[in-house]
Amino acid sequence: MGENVTLSDFQSDGGQDVMVAAYRHDAHKLNGETHDYAPDTFHGVPVNRTVPHGADGDASALSRPNGKPEQTVDNHETHYRLSLLTGTSHYDSEELSRPRLSEAITDLLTGSDPEAMHRAWLTSDVASGFNESIYYPYTSLKYHTLLVAALLDNYRVGHEFADLLLVVDDTEEVVPHRTVYAGDRFALRIDESGDWNPWARLGSRPWRSWASAWKRLTEHPLDVNHDKHDMVLDANLRRIWSWSTALQYIEDLETRRENA
C-alpha cells in the first residue's frame, strides 16, 4: 500500500480493523526480515501494511532523525536492541529462544481484538528485545509500535499532533491504544486531554522531544527528593530525546528496581 493510505482502504479490504494493522505494521522486524522483502501475511493474517494518517512516520520522527540513516554503533547490525543500562545487546538466549520467540511473536501479531493486542504489546517482554531500526539500536520496537497506535487512535478521531499531551496516569489507568507505558507505579498515555492529571504538550510537530516534554510535566511521578533510584531515573530522562528509547529506559530501570 502507498503512503497516502486512508481508513477506506482498510474498510474495503476485508474489514480489517485499522488499529489491528498498527500493531502488525512492523512484523518484519520481529522476524528479522527487511521491509522490501517482507511477506504480506503471517500465519494467515495481513502484516507489514502502511498505517493511515502518517502515524508511523510521526512516531518514527519522535524517536530517530529524519533523512538517510547511518550506522551509529559499529558491529551491531541486527534488530536486537542495545540496552542503555548495560550498553550490550538485550538479546537473551533463554528469553528469546526460537520456540518462545515464535510463540510470543504469534501472540503479538495474530490477534483480532485491537484492545487485546494493545495489552499484549504493553506487557510484552519479548517485544522489548527489539529496536525500531538497526541504525538506532537503542530505540525500542515495543514502544515505537505503542506510539504508532496512540497517534493513530488520536488522529482517526480528528485530533492534530499539536493538540496532543503526554499524560501521567495512575498505574491501574490503562486507556486502550493511548497508554504507551504501564508500570507498577504510574502509567503514561498520549491524549488530547489530561483529565486533571499531570501533563505536558508534545509540541507543534513530531520530533525527538522526550526530554523537553518530561521537563515540562506539570507534576512528576517520581520522588526525586528522597529516592536515589528516582533521582537517577529522572536525571537520565531529562537527557534522553528519543521517545521509544526513553520509554524503554523507564521499563528497564523499573524492572531492575523490582528485581533488586
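# Briefing: helix packing and core of a predicted model

Ile-250 sits in helix 10, where helices (H or I, at least four residues) and strands (E, at least two) are DSSP runs numbered from the N terminus. This is a predicted model: local features need pLDDT of at least 70, side-chain atom pairs count only at pLDDT 80 or more, and totals for chains, interfaces and linings use all residues. Residues are numbered from 1 along each chain as its sequence is written, and side-chain values use heavy atoms, with hydrogens and water left out.

**Overall make-up**

- The protein has ten helices and six strands.
- Of its 260 residues, 50% count as buried. Buried means under 20% relative accessible area, exposed over 50%, and partly exposed in between (1.4 Å probe, protein chains only).
- Among contacts with a separation of 6 or more, 68% join residues 24 or more positions apart. Contact means heavy atoms within 4.5 Å.

**Ile-250**

- Ile-250 counts as buried, at 0% relative accessibility.
- Not counting residues up to four places away in sequence, Ile-250 touches Tyr-181, Phe-186, Leu-188, Trp-210, Leu-233 and Leu-237.
- Gly-183 is 67 residues from Ile-250 along the chain, and their C-alpha atoms are separated by 8.8 Å.

**Largest nonpolar core**

- The largest nonpolar core holds 60 residues. Such a core is a set of buried Ala, Val, Leu, Ile, Met, Phe, Trp, Tyr and Cys residues joined through side-chain atoms within 4.5 Å.
- Leu-151, Leu-166, Leu-188, Ile-190, Trp-210 and Trp-243 touch the most other members.
- Helix 7 (residues 141–155) gives the most to this core, with ten residues.
- Leu-166 is in contact with Leu-188, Arg-189, Ile-190, Pro-198, Trp-199, Ala-200, Leu-202, Trp-210, Ala-213, Leu-217 and Trp-243, leaving aside its neighbours within four places in sequence.
- In soluble globular proteins, nonpolar side chains tend to be buried together.

**Helix 9 against helix 10**

- Helix 9 (residues 228–237) packs with helix 10 at an angle of about 170 degrees, and their axes are 11 Å apart. Axes are lines fitted to C-alpha atoms, for helices over the stretch in contact, and angles run from 0 to 180 degrees between N-to-C directions.
- Helix 9 and helix 10 are therefore roughly antiparallel to each other. Angles under 35 degrees count as roughly parallel, over 145 as roughly antiparallel, 65 to 115 as roughly perpendicular and the rest as oblique.
- The crossing of helix 9 and helix 10 is right-handed. Right-handed means that the near helix is turned clockwise from the far one by less than a right angle, and left-handed anticlockwise.
- Helix 9 contributes His-229, Asp-230, Val-232, Leu-233, Asn-236 and Leu-237 to the contact. Helix 10 contributes Ala-246, Tyr-249, Ile-250, Leu-253, Glu-254 and Arg-257.
- By class, this contact of helix 9 with helix 10 has seven nonpolar, two polar and three charged residues. Ala, Val, Leu, Ile, Met, Phe, Trp, Tyr, Cys and Pro count as nonpolar, Asp, Glu, Lys and Arg as charged, and the others, Gly among them, as polar.

**Helix 7 against helix 10**

- The axes of helix 7 and helix 10 (residues 243–259) come within 8 Å and cross at roughly 120 degrees.
- Helix 7 and helix 10 are therefore oblique to each other. Their crossing is right-handed.
- Lys-142, Tyr-143, His-144 and Leu-147 of helix 7 meet Trp-243, Ser-244, Leu-247, Gln-248 and Glu-251 of helix 10.
- The contact of helix 7 with helix 10 has four nonpolar, three polar and two charged residues.

**Helix 4**

- Helix 4 (residues 55–63) has Ala-55, Ala-59, Ser-60, Ala-61, Leu-62 and Ser-63 as its buried residues.
- These buried residues of helix 4 pack against helix 7 and helix 10.

**Loop residues**

- Tyr-138 lies in the loop between helix 6 (114–123) and helix 7. Tyr-138 is partly exposed, with a relative accessible area of 28%.
- Tyr-138 touches Val-73, Arg-81, Leu-82, Ser-83, Leu-84, Gly-87 and Thr-245, not counting residues up to four places away in sequence.
- Tyr-138 and Ser-242 are 104 residues apart in sequence and 9.2 Å apart in space, C-alpha to C-alpha.
- Asn-48 lies in the loop between strand 2 (45–46) and helix 4. Its phi is near 60 degrees, a positive value in a residue other than glycine. Asn-48 is buried, with a relative accessible area of 12%.
- Trp-196 lies in the loop between strand 5 (187–191) and strand 6 (199–201). Phi of Trp-196 is also positive, near 70 degrees. Trp-196 is exposed, with a relative accessible area of 88%.
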